[in-house]
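Trainee: Please give me a close look at one part of this model, and then at a space in the protein.

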Amino acid sequence: SSVVLLPRLGVNYLSSLGRPRLQLAVSPNGRYLVDGYGVPFQLRGDSPWTMPVQLTREEVVSYLDNRRLKGFNAILLETIEVNDGYGDTAPANAYGDSPFAGSNFTTFTEAYWQHIDYIVSQAEVRGIVVLMCAMYLGASGGSEGWYSAAVSAGEADVQTYGEFLGARYRNSPNIIWVNGGDYRPPTLAIPNALATGILNRDNRHLFTSHWARPSTGTDGSPSWLTLNSSYTQETNVSSRILTDYQTTTNIPTFLIESYYEGSFAGQPTLSAQDSTREACQSILSGAGGHVYGNHTVWPFDTGW
């Protein structure tokens with residue numbers, strides 16, 4: 001066979017090559033993810049939840065380059081962040097731009113969303129998929145998330161926000177939509193409204209969920225779910241993944257979260273070895289990938 005030598009590829013060309021590759025789908029047998037060429041894609045993620053509000057563009061590039069060199073091909077982040085103490089300027093980003101110009105979910109600040117555009121595009125050229133948590137609801141629907149504000153605004157406004165997101169990112173190949181955020185409400189009215197809005201404008205991308213620990217994405221029977229997720233304790237990674245693998249034969253599951261490396265109030269302290277064990281347990285039990293987390297990195301604390 002002959003060897004074809006390619007010229008040095010510029011960023012734009014790399015981006016065009018990445019578009020079909022990063023358009024992920026479910027394999028024909030429903031067990032794992034495939035890229036745009038039908039090649040199996042094992043999701044290896046990190047959890048920079050607060051990156052959209054904590055990092056400048058230069059820091060975004062530094063972070064993404066570091067993660068790409070370490071073999072990560074996905075990141076999980078909050079598209080919008082409440083002022084809960086984890087984002088220094090939230091809901092504004094590092095440049096002082098807030099996501100909404102007036103009423104939440106219906107008026108949008110272009111500069112803020114251009115920063116999100118930048119994150120998505122820079123991830124794409126590095127072969128990284130963005131797990132986009134569109135509206136983090138917050139543990140128990142409390143002050144860490146947007147659930148109360150969404151209920152107050154109403155389903156119509158939430159759907160408008162979803163339509164904005166769907167229209168803006170429909171043509172970005174490297175998106176997986178994430179609904180929820182450490183909470184599955186007693187009724188799925190708000191998550192359903194958000195999903196309806198997104199799907200009205202974008203039916204190209206996979207849709208998963210992040211409910212409360214411990215859970216599986218199929219809890220509540222969301223009609224929009226096309227990629228299952230497993231959210232575990234440290235001690236039940238294998239059993240949770242295996243159960244989800246065996247009971248959802250038409251869509252794959254992945255470990256969206258277990259416990260993170262490092263220390264955090266109210267949670268166990270995990271070493272790097274502990275985190276590696278969680279990853280291995282998930283893959284060996286049937287997961288199509290896993291998402292790692294670090295307690296210094298996700299809020300971008302000093303020394304991240």
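Mentor: In helix H7, the buried residues are Ile-190, Pro-191, Ala-193, Leu-194, Ala-195, Gly-197 and Ile-198. Buried means under 20% relative accessible area, exposed over 50%, and partly exposed in between, with a 1.4 Å probe and protein chains only. The model is predicted, so local features need pLDDT of at least 70 and side-chain atom pairs pLDDT 80 or more, while totals for chains, interfaces and linings use all residues. Residues are numbered from 1 along each chain as its sequence is written, and side-chain values use heavy atoms, without hydrogens or water.

Among the elements that cover these buried residues are helices H5 and H6 and strands S7 and S8; contact means heavy atoms within 4.5 Å. Helices (H or I, at least four residues) and strands (E, at least two) are DSSP runs, numbered from the N terminus.

H7 has 13 residues, 189–201, so at 1.5 Å a residue it should span 18 Å; the expected span is 1.5 Å times one less than the number of residues. Its end C-alpha atoms are 19 Å apart, which agrees.

Now the space. The second largest pocket holds about 230 Å³. A pocket is an open set of points on a 1 Å grid, where a 1.4 Å probe fits, with protein on both sides within 12 Å along at least five of seven lines; lining residues have an atom within 4 Å of a point. Its volume is the space filled by probe spheres set on the points. Of the 17 lining residues, Ser-275, Thr-276, Ala-279, His-290 and Tyr-292 lie nearest the centre. Helix H9 (272–284) and strand S12 (289–291) each give two or more residues to this lining, and H9 gives the most, with 7.
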